[in-house]
Each structure stands twice: as structure tokens, then as C-alpha cells.
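Morning, everyone. Please bring up the model on your screens, and I will walk you through a few places in it.

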Amino acid sequence: MTNQGNTLFWFRRDLRVQDNHGLYRALTSGLPVIGCFIFDEHILSSLEDKDDARVTFLHDTIHDLQEQIDARGGTLIVEYGKPEELIPRILDEYHIQKVYFNHDDEPYALQRDQFIAEHCQRHQISLYSFKDHLIFERDEVLKKDGLPYTVFTPYANAWKNRLELAGLDQDGYPLALSAFPSEHPSYPWKKVNSSRIPSLDSMGFVASEKEFPPREVKTSLIRQYGDQRDYPSAQGTSRLGIHFRFGTISIREKARKAYHLSQTFLNELIWRDFYAMILHHFPHVVNGAFRTPYDQIEWRNDEDDFRKWCMGMTGYPLVDAGMRQLNATGFMHNRVRMVVASFLTKHLLINWQWGEAYFARKLLDYDLASNNGGWQWAAGCGTDAAPYFRIFNPDAQQKKFDPKFTYIQSWLPEWGSASYPPPMVDHAFARQRCLKVYQEGLNRSK
Ligand SMILES: Cc1cc2nc3c(=O)[nH]c(=O)nc-3n(C[C@H](O)[C@H](O)[C@H](O)COP(=O)(O)OP(=O)(O)OC[C@H]3O[C@@H](n4cnc5c(N)ncnc54)[C@H](O)[C@@H]3O)c2cc1C
């Protein structure tokens, strides 16, 4: 070890060496860099399924990342435990003078990072953190009066203006989308002795059989995205969600691609920034409705109904196909997410937070901000929500988006046979009931 000490780069939701903002800064910090990743006991112990596919994904990814860092002459220290205990130990053991990481604005992460920041301050260790996970974050896109946007379209317009204002790089891309060079001429990585990556078994998990989508998408898919994205049988969306979630791809790189190929795809990436911005400015959404009067709704919360929805046994084929796809693969098409979420909250009058929690357990691409935003949108209580009296008719949605029942047949083999259940609730009846209960809830809040 040098007398000057070392720099630590802490990987969290940015699991790549290419175009990683914080890592790039660490590698230009003037000190040799050691990487670390912690399988966080607080998070892993809260997962219900021992074969949770996201843990397998994480484990595979960390193996790859370690190999890539090894090949550059460095070390990725990988531990299982509590960050508030492990990080101070690593700082001490490896004589760390500077700590670098990328922002993570989920409530738990903010608390964790605050603890580490205070520890660093007490021990005169410099701490630097960077934006990496979003194109624009926190206060970067605000209204003229300095307040956050709460409606998507004006936010998206301001977001695009800001992108243009950033100026162009030499390839003609807005500077906000520029990559951080990963192949630094002399990588100042440092090799140290460290223990092996903890096995899945030692952390209480088993490997999942689920398949993970590739990191790359065809240019033709992005180009045709606007025409194809609403049809669940079409394979017309990127399935990049899990990679955005764990940072195994760079948001800047994908947004650069979208910038010239598809404004519709770019718009979806803006939704991602939008919901992260909402979580930052309105943290109450984690525990309740964005529009607080909607917290007064008296949900039916029938557990038997909820079980049928979870299992894909509602008798509404588009809803059931979606839930079966989710349970089998960890993925559900966006159009179908909207339909199943609307069905749970409006047809069954089950609290959107039950659905949010079920998705959080099952989705490979689970992301607190986007999941919460999507559920609140569907329940009608969110930022940019359709008015609550607009209630999706699941059969009309099927006619429009799966007219030949292609998607439905691929997930519901028994559909059309005697073993498929009849609709668990009549649409017209459910619609009236929903309107009444929502209206009563809103009246109560006045
Ligand atoms: C009830 C509900 C829950 C949802 N939960 C999540 C979630 O936990 N995690 C998540 O990433 N998305 C969530 N979404 C948004 C959207 O459904 C998924 O991002 C999308 O289906 C993922 O598939 P894809 O990667 O093929 O997306 P594509 O259609 O290829 O879009 C590309 C990327 O853009 C982003 N994106 C697309 N649509 C949205 C959106 N409406 N809001 C925010 N980001 C978006 C995602 O990062 C996505 O991977 C939810 C939507 C609803 C209605």
C-alpha cells in the first residue's frame, strides 16, 4: 500500500465499467482504485422468495464485473452483510482516503449513504457522489417558478429543452448524453487480497431458472418501437428494464441511440426520470397517494379476490395472461401492467399498495419510483393520472391490443375450455361500484 492511501469505488446500481460516471471520476482521483460491492443483508433478508431471480441476476453480474476488473489489474471486493458495518471496515483495512459512488435516491439508500457520509466526515475521508442512473435528476428540471413539475407532458418538454441547451458533442449528440470514457490510458486499479464472492447458498438463496433479457436491442426494434410497443404479443419493447435497474447498461448510451431513432422510446426514458424526480420531491408517495384525498377511499381488500388476481384466475383473459406472464417470467408488458393494475384497484377495489407490493416481489425490472408511479397512475391517485372515472374495460383492451388472442393463448392454455373460470365480477357492476366508492372517499376528504 502507498502512503497516500487508496480510493474506494462502491458499486451499487451501476454494475458496469463502461460509461460509469462515478467510476470514471474515481479512476481520475489520483489514487489507486479498489472496487467493492456489498450484497446488502437488509435488502436480501426482506425478499420472500428463495429463488428470487434478481438475486441470481445480481450474482451473475458481480461475477462478470469481477472478471472485468481483474483483467484490468484491479480488485472487486465482494461481501455479504450490512453496509454500515462493512464499509467502515473496508475503509480501515484498505487505507481508503477517498470514497466515490453514484447517487441512489431511494429512501433506504439515502439513509444508508447519510450514515456513510457521516462516518467519512468523522474520519477525514473525502466522499464524492455523482449522477449516473438518470439523464436529469433531483432539481435539474424544474418549472419557471422553481417548483417541481407534477404533470408529465410539460416536464418532458422542459427535459428536452434542457437536453438541447446542453450543447452538442463532436458526434452531434447533446452533451448531457455524452459517455464517460471507460478505457482510461493507464488504469490506476489496485490489486489487493480479498475473499471470494459469497455463494448464493451462503446468503440463503438458490439459483433461479428464469431467463434474463440481453443488454443489447436491435436498432430495428427501437426504430419500430412507436408502432409496436402497445401489442403484448409483438415483442416490440426493449426489455431493458432490469438492466436500467441494476445499471448493467448506461442510460446515456441508450438515450443517445433513442435520440435519433425514436422519440417515442426517448419519451419512455423521460418517464423514468419523471418518476424518479417525483419520488425525490414528494417522498410521501412511498406510503400513500400522491393526491392525499385518495387515501380516504375505503378499499374492499378481499383476500380471496386478491389471490385470484395474483394467480391469474379472474376470468378476464387479458388480466390473467398478464399475471401468468409475470409469475412465470418476472416480466409483464406495459399495456397489460396498466390493465391488471386498473382491474385490481377499480374492478376489485383492492388498495393499489397491495398490487404495488406484489409487483415489487415479482418484477425483474422492479424499481420503486417507476412501480409506485405506475400503480398510482392506474389507481387514479398519482401525479399524471387519468381521472378516476376513466375505467379500463379489460375486454375492450383485449379487442384493441390482442385482437387475435395471440398473447392470451400463449399464457392461458385452458382459455376457452371448461376449466377456465367465468369473469369473477361483471364489468358494468364493478364500474358503478368503483365510481360510488371513489366518490364517497373523495367526499370524506373535503
Ligand atoms: C402498474 C405499473 C407498474 C410498473 N412498474 C415498473 C417497475 O417496477 N419498473 C420499471 O422500470 N417500470 C415499471 N413500469 C413501467 C413500464 O411498464 C416498464 O418500464 C416497461 O414495461 C418495461 O419493459 P421494457 O423494458 O420492455 O420497456 P420499454 O417499453 O422498452 O421502455 C424502455 C425503458 O423505458 C423505461 N420506461 C418505459 N415505460 C415507463 C414508464 N411508464 N415509467 C417509467 N419508466 C418507463 C423503462 O426503464 C424501460 O425499460 C410500470 C408500469 C405500470 C403501469
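One definition first: buried means under 20% relative accessible area, exposed means over 50%, and partly exposed lies in between, with a 1.4 Å probe and protein chains only. What we have is a predicted model, where local features need pLDDT of at least 70, side-chain atom pairs count only at pLDDT 80 or more, and totals for chains, interfaces and linings use all residues. Residues are numbered from 1 along each chain as its sequence is written, and side-chain values use heavy atoms, with hydrogens and water left out.

Start with Glu-140. Is it buried or exposed, or partly exposed? Partly exposed, because its relative accessible area is 25%. Glu-140 sits in the loop between strand 5 (126-130) and helix 6. Helices here are DSSP runs of H or I with at least four residues, strands are runs of E with at least two, and both are numbered from the N terminus. The side chain of Glu-140 reaches back to the backbone nitrogen of Glu-137, at 2.8 Å. That is a polar contact: a pair of N or O atoms within 3.5 Å; within protein, one must be able to donate a hydrogen and the other to accept it, and residues adjacent in sequence count only if both atoms are side-chain atoms.

Which residues does Glu-140 touch, leaving aside neighbours within four places in sequence? Lys-131, Ile-135 and Arg-162. Contact means heavy atoms within 4.5 Å. Now look further along the chain. Met-277 is 137 residues from Glu-140, yet their C-alpha atoms are separated by 9.1 Å. Ser-370 is 230 residues from Glu-140 in sequence, and 18 Å from it in space, C-alpha to C-alpha.

Ser-370 belongs to helix 15 (residues 368-379). It is partly exposed, at 27% relative accessible area. Setting aside neighbours within four places in sequence, Ser-370 is in contact with Arg-272 and Tyr-275.

Another serine next. Ser-238 lies in the loop between helix 7 (219-228) and helix 8 (241-246). Ser-238 counts as buried because its relative accessible area is 14%. Its side chain reaches the backbone nitrogen of Leu-240 at 3.2 Å. Beyond four places in sequence, Ser-238 is in contact with Val-217, Leu-221 and Phe-265.

On to helix 9, residues 251-261. At its start, a side-chain oxygen of Ser-250 comes within 3.2 Å of the backbone nitrogen of Arg-252. Which residues of helix 9 are buried? Ile-251, Arg-252, Lys-254, Ala-255, Arg-256, Ala-258 and Tyr-259. They pack against helix 1 (21-27), helix 6 (152-165), helix 7, helix 8 and helix 10 (263-281).

Now helix packing. Helix 11 (residues 303-311) and helix 12 (residues 317-329) pack at about 70°, with axes 7 Å apart. Axes are lines fitted to C-alpha atoms, for helices over the stretch in contact, and angles run from 0 to 180 degrees between N-to-C directions. So helix 11 is roughly perpendicular to helix 12. The scale is this: under 35 degrees is roughly parallel, over 145 roughly antiparallel, 65 to 115 roughly perpendicular, and the rest oblique. From helix 11, Trp-309, Cys-310 and Met-311 meet Val-319, Met-323, Arg-324 and Asn-327 of helix 12.

Helix 12 also packs with helix 16 (residues 394-401), at about 75° and with axes 8 Å apart. That pair is roughly perpendicular too. Pro-317, Leu-318 and Val-319 of helix 12 make the contact with Pro-394, Asp-395, Gln-397 and Gln-398 of helix 16.

Last, the cysteines. How many disulfides does the structure hold? It holds 0. A disulfide here is a pair of cysteine sulfur atoms within 2.5 Å. Cys-120 is buried, at 1% relative accessibility. Cys-434 is in no disulfide either, with the nearest cysteine sulfur, in Cys-381, 12 Å away. Cys-434 is buried as well, at 0% relative accessible area.

One backbone detail to finish. Asp-19 is not a glycine, yet its phi is positive, about 45°. Asp-19 lies in the loop between strand 1 (6-11) and helix 1, and it is buried, at 8%.
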